[in-house]
Each structure stands twice: as C-alpha cells, then as structure tokens.
Amino acid sequence: MSKILLKINNKDELLYPSDGYILGVKNFCICFGKTYTPSEIRKIKKKNDEKKVFASLNRVIFNNELKFYKETLKKLDDIGLDGIIVGDVAALSYELTTPIILDQLHLNNSSLTIEHYYNNGVNGIILTNDITLKETNDIKENNKEMLTFKQVFGLPHLSTSKRKLVSNYLKHFNKFSNGRFFKIKENNSDNEYIILEDHFGTHILNGSPINLIDRLSNINADFFIFDGYLLNDFKWVLDAFMKNNYKLKDKIDDTFNSNEGFINQKTIYKVKNND
Amino acid sequence: MIKKPELLAPAGDLEKLKWAIDYGANAVYLGGENYSLRANAKNFSINDIKKGVNYAHDHNAKVYVTVNIVFHDEDTINLGQYLKKLQDIGVDAIIFSDPLVIDVAKKYAPNLCLHLSTQASVLNKDACKYYIKNGVERIVLARECSKKDIKNIIDETNVEVECFIHGAMCTNISGRCILSNYFTNRDANRGGCCQVCRFNFNLYDQNNNVISDNSNFSIAPKDLSLVKYIKEMIDIGVTSFKLEGRMRSIYYIATIVNVYRRLIDMYCNKKENDAYIKKAIKILYRCANRDVAPQFFNKKPNEKEQYYGNRQEDSNQDFLGIVIGYDNDNKELVIEQRNFFKKGDKVNIFAPAIDDYSLTIEKVKDEKGNIIDVARHPKQIVRIPCEKKIPINAIMRVNFLD
C-alpha cells in the first residue's frame, strides 16, 4: 500500500492527515512555501516519530555552496530521517547513512537510469511528472528494491532558471509589482503558467494541478506526493486522497481545474521526417 | 607552457563537418539519427558518421557523437548495439547525459570514451567526482558556472573540462526544463524542444492584473559569447572550447570557427591583438545578429542579458558566395553565389590560411565571361576580378568591417 507524503508549505500543514512529510531544507530547496533548518527538522521528526519524515534539498548546488551543503547534509544525517531528498549527485559522494532519495526533477525517466543510481547508493527516486502510468509502473517493476515516489496532486514543476526573469523584466521597463507569484499566458491561449522567484532564481509551474486520485490504485509506487504549493483550501482534497475517495475526482477537477498530466499521454519528439 | 585548448565545433551534417574542420576546428560534435537532442535536425546515419570520422581523422581532428537524450524505457532497446557501432567506427567519444549510458557502454562498447553533456547540469566538483568515479573522462559543465567555479573544478578534480564559449543557450538549467512538454507535448529532453524560452507572453500578477505591454514578456536570454575572455579560459585550463549551433548554416560555422581559431592561436602564441578582438566581436555579432553576453562567466546575468519580446534576430544576407576557383590568367575569382551582389559592392573574403582580404567588385561576369549587372541567383557561378590568389572554399561576405 503506497503511503501519502505531504509536502509542507505552511506550518499548519503539519497538522493535516498524511503518512508523512516532505520538509524543505532552508537554502537548498526550491518550490517549497516553507523551509526548515536541520534543527527545526529534528524537532519535527521527534514530535512525529510515527510518521515518515523526509528532508528535501531538491536543487542543483553551485561549487561555492558545497561546504555549507555538506555540513547541512551531515546534520540531517544525524537526525534519523526516513530519507534525504537530493537534487545534486554531489551528495552521493558523502557516505551518508540516511537513505538517499534522488529528485533531479526531469532527469530520471527510465528503468536503467534508476538501476544505475540504485547501484550507486541511491535508495529512492522521485519520478518526473511527464511520464505515463505504464512507464511509472514499469520502472517500479524493473527496480523492485528502489523506492519510487510519484506526485499525485499539485502544480507540476516545469523549469528552473538561475536568473531572476521577472525582476529583470520589471526593472528593464521600470514597472513595479509584488506578490508571491506571477502568471504567464500566450496570446490566443487559455493555458496559464505560474512563474515565481526565490533565493535561487525563477521557476515555472503548470497553472493547473495534477490530480491522480482515481489512479491511486493503479500506480505502482512506494510513496505518493501531495503538494498544495500555491493552492488554497485543499485540505478536503488531501482527506479524499488519504481515504482514496476517487469519487471526488470531478469535484476536485472542477474546483482546481486539475488534470491527469502525462499519466495517459506520451510526449513526442520527432516531428519531422528527415528521410 | 600554455596548453592549447581544443576548439570544438557543431556539425549539423557532413558538409558542415567538413567546413568546421577545414576552418580550424580540432574536433566536431554531431548527432546520430537517434538518441540526440536535435531530433528534428538532419542527423547523421551510421554511414555518415563513419565518413565524418574518416574525414576528421585524415585531418587530425576528432569526432564526438551526442547520445544525450534523457532516456525512456522505449529508447533503450537498441542502445547497446548503437554504441558498439560507434566504437567500431572509431568515434573519439560520445557525449551523454543519462547515466544509464555509462552502464550500457561498459557492457557493449567498453572502449568508448565518455563525455558528460551539459544537460546533466554539473555545477560543482563533487558532482564531477561522481561521474569521474563512473568512468567519465570529460565533463561539459553547466553554463551557469562562473570562472571561479570552473577553475576550482579543474584544480580539484583534474578532469577534462569542456565549456561552451559561444552561441544560444537555455534560460533554464539544462535538463531540468520540460516547458516544451507542457506547452506543445514535444519532449525537451528527447530532442523535441520547441524553445518556449523564445516565446512571447503576457505577464500577470497573481490577481490577474496584466503587467506586460503587448505580450512583451519573454524569458529569452541573449546569446553566450566569451570572445573577450578567451585568454582567461586558456589560463584556467579549460580543455575544450565549445561552439553551439548544430542547426546553423555553413557560413555561421565557418565564421565562428575562423574567429575563435585565430583568437586561440593568438593567445597561445602570445600575440595578443586588441584590434583583432574588436574586429572579432563585430564579426560574431553580425554573424547571428543577436546580442551576446558573457552570461555567468564573470557575474550573475541581470536585466541586460535578457530579451524582452522584441524581434531577436534579423535575416542576414552577409554571406555572398563561396570561392570555387581562381583563374590565374585573368586574375579572377570564380564564385558560387549565395546572396545578391553587384558591381561596386565592397566585400571581404576570409579563409583559414589567409588574412581577411577586402576588395571592391569592379565587375561581375557570368560563367561564360559575359558582363552582368548583378549576381542574383543562388548557386549562380560568376567571376569577379581579384589581384590576390584566394584559395578555394574561401567565403566572400559583405564588407562590414572597413
């Protein structure tokens, strides 16, 4: 039975029902509404010993950050977490004792890739949000020992830049606007995307969340990730996921304009015949 | 003793491969029909790769083949056999991003040299160490690395480092972007990227108030150019200087290879020439008609390194023709036309073995020697007077330098 992990974006969410938490680590994570220091994470783990607790450092690391990164990982390693989520393979050379979960956003899409990482000390993998149900299940089937994590609700991450793309624009045109996030739309398109900045740079998320509630029993993954980042009033959705109440699918979709993402849709890449 | 870096050029097809090598590239990189991030380019068949390798090796150059997609299960089926073929052909290295390639290569093509693509977004020495431990011999660093990062990585790991020095670049961390997948269903990490980062958008605040004017919000970066930093790149020990542009024209390839070849040779021979650097900047700008910046090399890019929804490049008609012969008796260049030119035009001719040569076209003759007003037809063969003997495959362009 897969466990549901709640990505914590607000301290109140620590009171929400779930099988465990994913906590963003201060300075080293992206797309978290709330971040924590290792000592704060230690307290949360102690208070929630019955729950699975993962700490996330889900971004690439610059060379000049390595010392602090390594120190932070070592502190986290002492806590006894259920896993440390890393976005940079640098962490694989630090001989950590806590299970390492790799989250390279969109780079881990095949069984052999995941087998490679398993053979190199990785214990779990967060799968990209743009692969199909079959691919997701085949990966698990072919890598039974590797823990797999699949986002089942929330705004999917699409891109990350080191640049401050919105601030640059505002500065260039001498405009002012603030807020947690912005939205972008193409002319003649109803599709909306969220763009936001943080300490790292700029991230783009899909404007509509993924909702896989009626796929839960078909997805073969060890952990389902539920992420309410930038969404409001979603606790009832989390309740529905915890109870596998797939009958609420349409209501969730109507409320959040959600969809199933790529779970049933393959991407294409050859659009020209070069013969 | 200065170690001369490799100049690595893109080869979109066999013809471009030859132009790149003839104009001074020490190595070229190309994509096969599968597994390459330019899925919609005219990629190389195995037979073409073989021809390319033979041509390169005959000219003391190397060939690297990109196997740099992020694989899905369905893509892995014939990979082992493909890598073995590349090994048997004698390619000098493959450039990959997905680590499964390491394992498949070890099994099927253990002698293949492995270069890690920039798509793996390696930014630090400890990530380098992971790949070195796994048998990788060269790392193409992420384009977000600064000079200090690059130097420290080289000093601490001693790995061969390849850096992009010129061309278009992703706005986002390479590999960690699937905008194309969501916008168009085209898989960015399997070669289908539709370059959403070049699109124009309307920008809204979170309350849906429009901020932008006429869709002038874009996340497009200006192109990368380290033309002013070649000496520093040599000094810190970068092994390979990489040029972007597998989809570009032979004119673009010949131009940028020619410029960077001269710059590298100039610095390595300790013959710095400020006038040539100024000229090089002008040539490189005209060649793509896009603004350039050193991007992350010397500082974090700011608002000046981003485009804002305006037209980012103009069509370029500088490429006038290719020299296909020289008539010693009549002192005439035989030119295969590429763009319109006429009597009185000021032109400039460049080639690997000669200094740039400028002249004013005194007259234009057709193939039979008849005087004509203009050369207006693509691939038309014409003759123009020229006192200096110019080698074949020299390129004639608009003289925008004098």
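Me: Which residue in strand 8 of chain B stands opposite A:Lys183?

Reply: B:Tyr204 stands opposite A:Lys183. This is a predicted model: local features need pLDDT of at least 70, side-chain atom pairs count only at pLDDT 80 or more, and totals for chains, interfaces and linings use all residues. Residues are numbered from 1 along each chain as its sequence is written, while chains are lettered from A and ligands numbered from 1 in the order in which they are written.

Me: How many bridges join strand 10 of chain A to strand 8 of chain B?

Reply: Start with the terms. Strands (E, at least two residues) and helices (H or I, at least four) are DSSP runs, numbered from the N terminus. Two strands pair if DSSP finds at least two bridges between them. Here 4 bridges join strand 10 (residues 182-185) of chain A to strand 8 of chain B, and the two run antiparallel.

Me: How many residues of chain B are in contact with chain A?

Reply: Contact means that C-beta atoms, placed from the backbone, lie within 7 Å. By that rule, 59 residues of chain B are in contact with 55 residues of chain A. Helix 5 of chain B gives the most to chain B's side, with 5 residues. That side divides into 24 nonpolar, 20 polar and 15 charged residues. Ala, Val, Leu, Ile, Met, Phe, Trp, Tyr, Cys and Pro count as nonpolar, Asp, Glu, Lys and Arg as charged, and the others, Gly among them, as polar.

Me: Why does A:Leu212 count as buried?

Reply: Burial is a neighbour count. A residue is buried if 20 or more other C-beta atoms lie within 10 Å of its own, exposed if 12 or fewer, and partly exposed in between. A:Leu212 counts as buried because it has 24 C-beta neighbours inside 10 Å. A:Leu212 lies in the loop between strand 13 (210-211) and strand 14 (223-227) of chain A. Leaving out residues up to four places away in sequence, A:Leu212 touches A:Val152, A:Phe153, A:Ile219, A:Glu260 and A:Ile263.

Me: Is strand 2 of chain A mostly covered or mostly uncovered?

Reply: In a regular strand the side chains alternate between the two faces of the sheet. Strand 2 (residues 20-25) of chain A is mostly covered, with 5 of its 6 residues buried.

Note on methods:
Two residues are in contact if their C-beta atoms, placed from the backbone, lie within 7 Å.
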